[in-house]
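Here is a quick tour of a protein chain and some of the molecules that sit with it. Take a look at the picture, then read on.

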Amino acid sequence: MSISAPAKAYHLTTFGCQMNQHDSERMQGMLESLGWAATESQGDADLILFNTCSIREKADEKLIQYLYEARMVKRQRPETIIGVGGCWAQSVTEEVFRRFPFVDVAFGPGQVDKLAEFLNSDSLSAQGYFEFEGFTGHLPQRKEKTHSAWVQISVGCNCNCSYCIVPSTRGREASRPSEELVTEVSELVAAGVKEVTLLGQNVNSYGRDLQDGGKTTFSGLLRELDSIDGLRRLRYTSPHPKDMKEDVVLAHAELESVCAHIHLPLQAGSTSVLKAMRRTYTRERYLDRVDMIRASLPDVSITTDIIVGFPGETEADFEETIEVVETVGFDGAFTFIFSPRRGTLAASLPDSVPHEEKVARMQRLLPVVQRCALERAQRFVGREMEVLVEGTSRTDDARLRGRTSGSKVVNFDGLAKPGDLVTVLIEEESSLTLGGTQVLAEISR
Ligand code: SAH
Ligand code: SF4
Ligand code: F3S
């Protein structure tokens, strides 16, 4: 009788955006296919792994704190492997081994598969993998949810936003062929997935780099995916305002699965700040894109990202941001204080705005964002809306939680399980969530 060796344990901490969360699913899938098992505690892990982000300074600081905690584990159990993947690793490359000599393996976002190579080798010395190789997605995934999935349609970013570290951590844009994406989404749907979110740094420039035979536009891709039977909801993030064209809006209007939500990052409401940010659109062009969207899709939810306190942002510039927020009336916004990132142009710009002033501006912006979101949410009250159930409400165990097509979280009384599509009568609203009661007679699955 042979006794199989206990599985080796890994502990993974993920920072950053959905792209990183998706990469983590691939890391987990790959590790589990190699016989590793997840553990809840770093103290029990044979491999302590971090999937890192470097978008703002705070992300770096948090990681460094975690790394020192991992070092404590390694001091007690020196055979523990410490691995660092993702954007922060890519932004420092080999420097990681000088600054943190207890790290055994480091790899960029495009090199997830190299982790397996390292773990399968007898290497005792620290190894770094930082080449850009396009998509390394053909790895098994371990998905957290059964009814929703991410699908990465492109890697990298060809934009040149002066504040942003992503082009240097994720490389040039490379689209995956549409046939491959159709196959991937079909397989997910066959396995029970109802909602797919397409991921890319600039999704609507998708396909421009594909060779002649495989040329597809982003709206063309939406059409191909919408025709997959059983796919109920199709989302994407993020489009760039410069590339937000009529064909994508038409796809929203015509295709049943494409959700009623567009996340359109504004960043700033002043044309001169947008220019310094190298966003390649003006305030007017952004507002024109919103008008174009609203003319065809009056009910679509529009959300955004805003950076406050970009170097040189004047009081008048900031007021223009507030004005655009009010004019558009966003359904929600992620707001960030500018954070200088190494190697970016904006990090070297003279900055006359003191930090306290930036914080004060943020505190003026937030209530405006919240008020607009609340006003927008009011339109849903009294309506019966389709909700994809995600699980139990986070605020009340007796209620359920799900999401509308417009991406609003709904806490509701009802009887359903995760993955069900149910009808909910909306009875209350806040800037972030809706509340309601399931219309039981009309459950559709
Ligand atoms: N590719 C996506 C988003 C990438 S990062 C897009 O362009 O929409 C997500 C958000 O982080 C950005 O939209 C921006 O608002 C914010 N961000 C990026 N770099 C930043 C920095 N240096 N300081 C503050 N916020 C930043
Ligand atoms: Fe960064 Fe701009 Fe690319 Fe978004 S579009 S990832 S903000 S460089
Ligand atoms: Fe995402 Fe952070 Fe990288 S936001 S792309 S993980 S720098």
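Predicted model: local features only at pLDDT ≥ 70, side-chain atom pairs only at ≥ 80, totals over all residues.

Residues are numbered from 1 along each chain as its sequence is written, chains are lettered from A and ligands numbered from 1 in the order in which they are written, and side-chain values use heavy atoms, with hydrogens and water left out.

**Domains**

- The protein chain splits into domain 1 (9-129), domain 2 (143-259), domain 3 (260-377) and domain 4 (381-438); these bounds come from an automatic or database domain assignment.
- Take domain 2 and domain 4: their C-alpha centres are 26 Å apart.
- Nine residues of domain 2 touch 13 residues of domain 4, where contact means heavy atoms within 4.5 Å.
- About 840 Å² is buried between domain 2 and domain 4, and carbon and sulfur atoms give 47% of that. Buried area here is the accessible area (1.4 Å probe) that two parts lose on being put together, summed over both.

**Around the ligands**

- Which residues are around ligand 3? They are Cys17, Asn20, Cys53, Ser54, Ile55, Cys87, Val166, Arg170 and Gln201, and a residue counts as near if one of its heavy atoms lies within 4 Å.
- Sorted by class, the shell around ligand 3 has five nonpolar, three polar and one charged residues. Ala, Val, Leu, Ile, Met, Phe, Trp, Tyr, Cys and Pro count as nonpolar, Asp, Glu, Lys and Arg as charged, and the others, Gly among them, as polar.
- Domain 1 and domain 2 each give at least three residues to the shell around ligand 3.
- Around ligand 2 you'll find Cys157, Cys159, Cys161, Tyr163, Cys164, Val166, Pro167, Gln201, His240 and Arg279.
- The shell around ligand 2 has seven nonpolar, two polar and one charged residues.

**Aromatic pairs**

- Rings of Phe, Tyr and Trp (its six-membered ring) pair if their centres lie within 6.5 Å; planes under 30 degrees apart count as stacked, over 60 as edge-to-face and the rest as tilted. By this rule there are 10 aromatic pairs.
- Why is the pair of phenylalanine 15 and tyrosine 66 edge-to-face? The ring centres are 5.3 Å apart and the planes sit at 85°, so the pair gets that label.
- This pair links distant parts of the chain, 51 residues apart: phenylalanine 15 is in the loop between β1 (8-14) and α1 (18-33), while tyrosine 66 is in helix α2 (residues 57-76). Helices (H or I, at least four residues) and strands (E, at least two) are DSSP runs, numbered from the N terminus.
- Phenylalanine 15 is buried at 7% relative accessibility, whereas tyrosine 66 is partly exposed at 28%. Buried means under 20% relative accessible area, exposed over 50%, and partly exposed in between (1.4 Å probe, protein chains only).
- Phenylalanine 100 and phenylalanine 102 also make an edge-to-face pair, 6.1 Å from centre to centre with 80° between the planes. Both of these residues are buried.
- Tyr68, Trp88, Phe100 and Phe102 are linked into a cluster by ring pairs.

- Is helix α8 (residues 218-226) largely enclosed or open? Seven of its nine residues are buried, so α8 is largely enclosed by the rest of the structure.
- The buried ones in α8 are Phe218, Ser219, Gly220, Leu221, Leu222, Leu225 and Asp226.
- Their cover includes α7 (178-190), β10 (195-199), β11 and α9.
- Aspartate 243 lies in the loop between β11 (233-237) and α9 (246-254), and counts as buried at 7% relative accessibility.
- Leaving aside neighbours within four places in sequence, aspartate 243 is in contact with Asn202, Asn204, Ser205 and Arg208.

- Threonine 237 and serine 238 are joined by a cis peptide bond, with omega about -5°. Serine 238 is in the loop between β11 and α9.
- Threonine 93 isn't glycine, yet its phi is positive, near 40°. This residue sits in the loop between α3 (87-92) and α4 (95-99) and is partly exposed at 28% relative accessibility.
- Glutamine 267 has a positive phi too, near 75°. Its place is the loop between β12 (261-263) and α10 (271-276), and at 8% relative accessibility glutamine 267 is buried.
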